[in-house]
Amino acid sequence: MVSESEDTALKMVGLELMFLTPEKYSNTEGITAVELAKLVELPVEIVKKKLQILKDKNIVRVKGINPKFWLFDDYNFQRLDDDDEIFHLLCNFDDVDFGRYFSY
C-alpha cells in the first residue's frame, strides 16, 4: 500500500490530523477533506485517497455523509502493530517541522 519511496502526501495528511487543534477546523465534528487539503496544500482528490487509506487502518474516524468530517483516532493509532508501514511512516519525525503544528 505505501510505496517504497516514502508516501509524503500520506504522511502530511496523517500528521496534520494527528496534531489537529479545534482552531483549525470550522465544525466541532472534525475537519472536512476540503479544509484539510487547504492546510496541507494538496489537491482534494489526493487528500480523499489518503484519508481512505487511514480510515482503512482505523486511525481516522469519519462522521457524516455530506460533508464528511474527519478526526484522528489516537487510541487505534497506538494499537497499531509496531511493524505496520503506516505506523512507521507517521512516527518518523526526522523531516518534520513541528512549527507547522505548534506555536512556541
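Helices α1 and α3 are roughly perpendicular to each other, a class that covers angles of 65 to 115 degrees, whereas angles under 35 degrees count as roughly parallel, over 145 as roughly antiparallel and the rest as oblique. Their axes come within 9 Å and cross at roughly 70°. Axes are lines fitted to C-alpha atoms, for helices over the stretch in contact, and angles run from 0 to 180 degrees between N-to-C directions. On the α1 side the contact is made by Ala9, Leu10, Val13, Gly14 and Leu17, and on the α3 side by Ile46, Val47, Lys50, Leu51, Ile53 and Leu54; contact means heavy atoms within 4.5 Å. By class, this contact has 9 nonpolar, 1 polar and 1 charged residues. Ala, Val, Leu, Ile, Met, Phe, Trp, Tyr, Cys and Pro count here as nonpolar, Asp, Glu, Lys and Arg as charged, and the others, Gly among them, as polar.

The model is predicted, and local features need pLDDT of at least 70, side-chain atom pairs count only at pLDDT 80 or more, and totals for chains, interfaces and linings use all residues. Residues are numbered from 1 along each chain as its sequence is written, and side-chain values use heavy atoms, with hydrogens and water left out. Helices (H or I, at least four residues) and strands (E, at least two) are DSSP runs, numbered from the N terminus.

Helix α1 also packs against α2, at an angle of about 110° and with the axes 10 Å apart. The helices α1 and α2 are therefore roughly perpendicular to each other. Met12, Val13, Glu16 and Leu17 of α1 meet Leu36, Leu39 and Val40 of α2 in this contact. The contact of α1 with α2 has 6 nonpolar, no polar and 1 charged residues.

Within α2, which spans residues 33-40, the buried residues are Ala33, Glu35, Leu36, Ala37 and Val40. Buried means under 20% relative accessible area, exposed over 50%, and partly exposed in between (1.4 Å probe, protein chains only). The cover over the buried residues of α2 includes α1 (8-18), α3 (44-56) and β2 (69-72). After α2 comes glutamate 41, which lies in the loop between α2 and α3. Glutamate 41 counts as exposed because its relative accessibility is 69%.

In soluble globular proteins, nonpolar side chains tend to be buried together. The largest nonpolar core of the model has 30 residues, and Leu17 and Leu54 have the most contacts inside it. Such a core is a set of buried Ala, Val, Leu, Ile, Met, Phe, Trp, Tyr and Cys residues joined through side-chain atoms within 4.5 Å. Two or more residues are given to this core by each of α1, α2, α3, β2 and α5 (85-91). The largest share, 5 residues, comes from α1. Not counting residues up to four places away in sequence, leucine 54 touches Leu10, Val13, Gly14, Leu17, Ile59, Val60, Ile86 and Leu90.

Lysine 50 is placed in helix α3. This lysine 50 is classed as buried because its relative accessible area is 14%. Leaving aside neighbours within four places in sequence, lysine 50 is in contact with Asp7, Ala9, Leu10 and Val13.

The loop between α3 and β1 (60-63) holds lysine 57. Lysine 57 counts as partly exposed, at 25% relative accessibility. In sequence, lysine 57 is 27 residues apart from aspartate 84, and the two are 9.8 Å apart in space, C-alpha to C-alpha. Asparagine 58 is found in the loop between α3 and β1. Its phi is near 65°, a positive value in a residue other than glycine. With a relative accessible area of 48%, asparagine 58 is partly exposed. In the loop between β1 and β2 lies proline 67, and the peptide bond from asparagine 66 to proline 67 is cis, with omega near 5°.

The structure holds 4 aromatic pairs. The rings of phenylalanine 72 and phenylalanine 77 have centres 5.4 Å apart and planes at 55°, so this pair is tilted. Rings of Phe, Tyr and Trp (its six-membered ring) pair if their centres lie within 6.5 Å; planes under 30 degrees apart count as stacked, over 60 as edge-to-face and the rest as tilted. Phenylalanine 72 and phenylalanine 77 are both buried. One aromatic cluster is formed by Phe19, Phe93 and Phe98.
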